[in-house]
Amino acid sequence: MAASKPVEPQSGGGLPRWQLALLLGAPVALGLGAVYLWQRSRAKEKRAGERKTPEGSASPVQGQRAATQPEHEDMSPLDRAQGAKNKGNKYFKAGKYEQAIQCYTEAISLCPKEQKSDLSTFYQNRAAAYEQQAKWTEVVQDCSQAVEMNPRYVKALFRRAKALEKLDNKKECLEDVTAVCILEAFQNQQSMLLADKVLKQLGKEKAKEKYKNREPLMPSPQFIKSYFSSFTDDIISQPLQKGEKKDEDKDKEGEAAEVTESSGYLKAKQYMEEENYDKIISECTKEIESKGRHTAEALLLRATFYLLIGNATAAQPDLDKVINMQDANVKLRANALIKRGSMYMQQQQPQLSTQDFNMAAEIDPRNADVYHHRGQLKILLDQVEEAVADFDECILLRPDSALAQAQKCFALYRQAYTGNNPSQVQTAMDGFEDVIRRFPKCAEGYALYAQALTDQQQFGKADEMYDKCIELEPDNATTYVHKGLLQLQWKQDLDMGLDLISKAIEIDNKCDFAYETMGTIEVQRGNLDKAIDMFNKAINLAKSEMEMAHLYSLCDAAYAQTEVARKYGLKPPTL
């Protein structure tokens, strides 16, 4: 569909697009329409190593006495505590953790209470020894003591985060690792990966519960029309033919001599033409329950609208029935396989998805939709050469398929861009020019070309392409979102960018992409409460459990930042 979200292959280096640098306010690229790129000039490779050892030397440092030296009356309590700690460090390095714990305990008891910096180190060291014994509760307790005395103690915060993860306390784990990431200026891969892991787990857990109990929500008419426009061999999306009119309409037109009982499926088709989408599922159900002659079509149409409202559980039995109807029109069965395959992909089951698309190609080898949608699947799987072959097959069967032409160009462009091949990039860009010349009414061609132009920092021309999209599809909210992101990257014009995204919400108040993007920008501006509100609105509009999990991760990261700001006064850079 036109001006859709950027394609994001499953494989590839780095963290996902909701990596913590984005979530916690460091301005980074958002999809293909970047907000800003936060340059990290202070990369510290030494921080990448695993934090295991306690702090302090195992041998006495200048000005300190070793614990093995005879104790004299002139030794201060702090010197004696340092000596006990140094002795504990020797035991730690020798793997004698119980003896190390005893020494650190002695150091804690000897250390004057006003020496908070030293005392926090002793607690942190004892926590390191407990960590080696997998005593997670004790680790948390000692790290908490250390952080209470030194609130910006990175080692203690990170060690407590790891222990909290082991204790399945993800919420507090995320808060600690968020603080660590901010204190380390997002430079340490180890803490970033832990944050990413916990965010994914929290997102999946919350999405699973929320999605199970969510209220089905019909998307906007623009979204539904764009969805159906991606099919050309879909019987159920075609307009009613002359002989298919509702019986009462046929009587008025003189096409039927007498009125017979109306078909639920034909009523549903009529409601589609009228954009009265809320009534379609119930009319299809009437057709199915009456075992009417359009039962197969009604099952497929009902399943399609179940998918559109995000109810995959209800859709799958209907799709299964159509696929197994050996006497049904092969176009219906192939379309059901495409839709079930796409559903499996949303559920992150690529093997089942691939099987369905391959089966569709076997039973209906001249169905252009099969190759078009399988090509999109291959892009998501980062199998670009196979995607291009599928788009070529689609174009061979339907030379007028503007969508396939545009998506083929985009696949070739991404392959050349990620492979750092300038000549192939230029060839792909020339291909886009050819597509928009031959198919000037295809909004998708302009939208994908605009994304490629943005990558190439040809911002002015990208802006022109988005304007073409808006001219062709003024009700497509996602185009306004992309154009808004472009203003942020191109002109650093925050007000214009936000105005365009607000316009998207005004056009389509069910556009989850607009709420998500607005929330991400508000995080980067430091407006965390507003960001959380935007993410929650997007969550309620999410069309799949996977999308919902991603949105919960964004929301949880923003909430964790509010807690870190409240507890420690820590805030990352803002726009």
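**Charged pairs and a buried serine**

R302 and D318 join their side chains in a salt bridge, with 2.7 Å from N to O; a salt bridge here is a side-chain nitrogen of Lys or Arg within 4 Å of a carboxyl oxygen of Asp or Glu. R302 belongs to helix α13 (residues 295–308) and D318 to helix α14 (residues 312–323), so the pair ties together parts that are 16 residues apart in sequence. Helices are DSSP runs of H or I with at least four residues, numbered from the N terminus. R302 and D318 are both buried, where buried means under 20% relative accessible area, exposed over 50%, and partly exposed in between, with a 1.4 Å probe and protein chains only.

This is a predicted model, in which local features need pLDDT of at least 70 and side-chain atom pairs count only at pLDDT 80 or more, while totals for chains, interfaces and linings use all residues. Residues are numbered from 1 along each chain as its sequence is written, and side-chain values use heavy atoms, leaving out hydrogens and water.

By the salt-bridge rule, the count comes to 35. One of them joins D233 and R398, whose closest N and O atoms are 3.0 Å apart. This pair links distant parts of the chain, 165 residues apart. D233 is buried at 14% relative accessibility, whereas R398 is partly exposed at 26%. D233 and R398 also belong to a network of salt bridges with K331 and D364.

In helix α27 (residues 545–568) lies S553, which is buried with a relative accessible area of 1%. A polar atom of the S553 side chain lies 2.9 Å from the backbone oxygen of L199.

Key
Helix = DSSP H or I, 4+ residues; strand = E, 2+ residues; numbered from the N terminus. Polar contact = N/O pair within 3.5 Å; in protein donor to acceptor, adjacent residues only side chain to side chain.
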